[in-house]
Amino acid sequence: MSQTVIQIPRLNDYPSDFEQLFKIWSQVNDHFLDIRFDFSRCGFLRPNAVAFLGGLARLIESRMGKAVFDWSTLRDSWVRTTIRQNGFAGAFGDLSAPWDGNSIPYREDAFSDMNTIMDYLTYNWIGKGWVHVSDRLRDAIAGKMWEIYGNAFEHSDSSIGVFSCGQHFPKHNTLVLSVVDFGQGIPEKIRNFVGNDPRAPGLPADACLRWAFTKGKSTCTDVARGLGLDLLKEFVRLNEGKLEVYSNEGYAIINKSGERYENRRISFEGTVVHITLHCDENLYQFRDEAASQR
Amino acid sequence: MKLSIKEKIGPRCIIKEDGQKIFDEIYEPLMRGETVTLDFNGVSQFATPFFNFAIGRLLNNISEADVRRYLQFENLNETGNSVVERVLENASKQHSNTQLRDIVAEILAKQAKGSD
């Protein structure tokens, strides 16, 4: 089969950028493909795009295809530095080794290795020194972030695992983490779960996400569950951050002004959880820590 | 009976598999009405899957009042305690609603309410 060249555009983390990523997914959503990703038009690449493109390449490979990132087309020095620093380039054939900086390493987790992922969250993400938190609070935040990985591994049924990347943006004073899987997606999981009901195929994605984000709601029936997403919501609100979820054609955004659920024009098979936190130390304290500083 | 969580599973109470190990240790003694103490000394990280399986599922067969009476926690920090409370509250609510839920109706009802 002839090689197809996919141009990677400038990719930020607005909904329109995710639509571009989902369009790329739809171009390569097949078996036996030979894909070359070209960076010549890419002047910016956020960690959400890094995690997504890394996962996409592994998805193509898992379908007996070939995916190559053409590093010779990478002209933008900021993008080059970022994806070498976070280890993405090295994971896909570039000879550079990652180093410490504002980037938070690109990860591929084929299976749920709790201790490795918790170390990443504890020491490379929240505990890296971007924001000064006590060890106790660092541990508490890392535990809440685990809920994202726990959900991805348990509910997505992704055959290739979970992909993640983060970054600290000093100018905006924000800390970002994106976790991507190419499993069935939350709305589809719910539709399949209630598959015998004639109304199941018509359940709107936004309604499914709204339900999944409600405390105590879960497709698991053996043990009471459904607290993880609610805990995350609460944490993001307290810290005036932002939690966005793209899953199939559904989109959810939770921030300090509330929560909103939408159906979007472009769909993909899988889920992206994208979390943005402010590195304002006043937003990261237990009640007793805040009191002791008064 | 006293169980050191750190000795049994390590310093992180995160995943359901570890929660299941603790459940397997404490279920029978609690069913016999023995007092069980879980010692969290040296445990610093917590997530809901662990407690859903270690403690939440006890409520399938033991009343919430008995779980609270016979299951005791030592050296559990504020974060862990907050997760335990949420898990017990959630398990209690779901156990009391034992009728088969109509999830489709729930989803559609929430949607109608949310888009008002």
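**Checking the labels**

Q: Why does the radius of gyration of chain A agree with a compact globule?
A: Chain A has 19 Å, and a compact globule of 294 residues would come out near 19 Å, so the two agree. Keep in mind that this is a predicted model. For the extents, the C-alpha trace of chain A spans about 65 × 50 × 30 Å along its principal axes.

Q: What share of the residues in chain A is buried?
A: Buried residues make up 60% of the 294 in chain A. The label takes under 20% relative accessible area.

Q: What makes A:E154 and B:K16 a salt bridge?
A: The cut-off is 4 Å between a Lys or Arg side-chain nitrogen and an Asp or Glu carboxyl oxygen. The closest N and O atoms of A:E154 and B:K16 are 3.0 Å apart, so the pair qualifies as a salt bridge. Across the interface of chain A and chain B, the rule finds six salt bridges. Ten residue pairs are in polar contact there too. On the chain A side, α6(A) gives the most, with eight residues. By class, that side has 19 nonpolar, seven polar and 17 charged residues.

Q: How much area do chain A and chain B bury between them?
A: About 3,400 Å², with 57% of it on carbon and sulfur atoms. A:R210, A:W211 and A:L227 supply 17% of what chain A buries against chain B, more than any other three residues. The contact itself takes 43 residues from chain A and 35 from chain B.

Notes: Residues are numbered from 1 along each chain as its sequence is written. Chains are lettered from A and ligands numbered from 1 in the order in which they are written. This is a predicted model: local features need pLDDT of at least 70, side-chain atom pairs count only at pLDDT 80 or more; totals for chains, interfaces and linings use all residues. Side-chain values use heavy atoms; hydrogens and water are left out. Contact means heavy atoms within 4.5 Å. Buried area is the accessible area (1.4 Å probe) that two parts lose on being put together, summed over both. A polar contact is a pair of N or O atoms within 3.5 Å; within protein, one must be able to donate a hydrogen and the other to accept it, and residues adjacent in sequence count only if both atoms are side-chain atoms. Helices (H or I, at least four residues) and strands (E, at least two) are DSSP runs, numbered from the N terminus. Ala, Val, Leu, Ile, Met, Phe, Trp, Tyr, Cys and Pro count as nonpolar, Asp, Glu, Lys and Arg as charged, and the others, Gly among them, as polar. The radius of gyration is taken over C-alpha atoms; the globule rule is 2.2 Å times the number of residues to the power 0.38. Buried means under 20% relative accessible area, exposed over 50%, partly exposed in between (1.4 Å probe, protein chains only).
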